[in-house]
Amino acid sequence: MKYRTPLVLLGAFTLAGCGLNSVPTAEENAKAKWADVENYYQRRADLIPNLVSTVKAAGAQEKAILVEVTQARASASQVKVSGADLNDPAKVANYEKAQAGVTMSLQRLQEAYPELKSQGNYATLMTQLEGTENRISTARHDYNDAVQAYNTTIRTFPDAIGAKVIYGAKPLVPFKATSAGAEEAPAVNFGNTN
């Protein structure tokens, strides 16, 4: 009886040092870090295609406006009126019509100018791409650190006893960038063939 209390205390102390809490805590931490990696991959998969579409749409609108101005200017420069033609009302009217087309295109460009955002959209896209890739890199690094801590916990004494006997713990696999799929950054293509 008198040895029972010290034996119980010794047994409790021994079990406390055998990874009863540290092994599952380390494992759950590693799983949470992996969930962060998946979360950032999903963020990239959701965000980047939408940003690229936005940039493409803004660029297409701006291109259409600029093409219209260029075409109007080119067609206006084709219509010429010399001093001898100034008494021909049809030639003067044709010249005025061509010049009015340039004026209208320039007014449209001027009105649309506050909405011309492709440069800002490209800058936003680049910032988001960089930020997303940095988040993914950090999350993978944090996951690998958590895996290392877990694997070290289940392999070192005294936690290795509880890890093997109680939990049947096996080492986790760290992230390695070898497989294709979601781990690959999407190619950004604006439809340019150059």
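I looked up R44 and E133 and found their side chains in a salt bridge, 2.8 Å from N to O; the term stands for a side-chain nitrogen of Lys or Arg within 4 Å of a carboxyl oxygen of Asp or Glu. R44 sits in helix 2 and E133 in helix 4 (residues 118–155), 89 residues apart, and the pair links distant parts of the chain. Helices are DSSP runs of H or I with at least four residues, strands are runs of E with at least two, and both are numbered from the N terminus.

The model is predicted: local features need pLDDT of at least 70, side-chain atom pairs count only at pLDDT 80 or more, and totals for chains, interfaces and linings use all residues. Residues are numbered from 1 along each chain as its sequence is written, and side-chain values use heavy atoms, with hydrogens and water left out.

I checked accessibility next. R44 is buried at 3% relative accessibility, while E133 is partly exposed at 28%. Buried means under 20% relative accessible area, exposed over 50%, and partly exposed in between (1.4 Å probe, protein chains only).

I then searched the whole structure and noted three salt bridges. E27, E28 and K31 are linked in a network of them. K31 pairs with E27 at 3.7 Å between the closest N and O atoms, and with E28 at 3.9 Å. E27 and K31 are four residues apart in helix 2 (residues 22–78); K31 and E28 are three apart, about one helical turn. I logged E27 at 24%, K31 at 44% and E28 at 46% relative accessibility.

For the chain, I recorded five helices and zero strands. Of its 194 residues, 23% count as buried.
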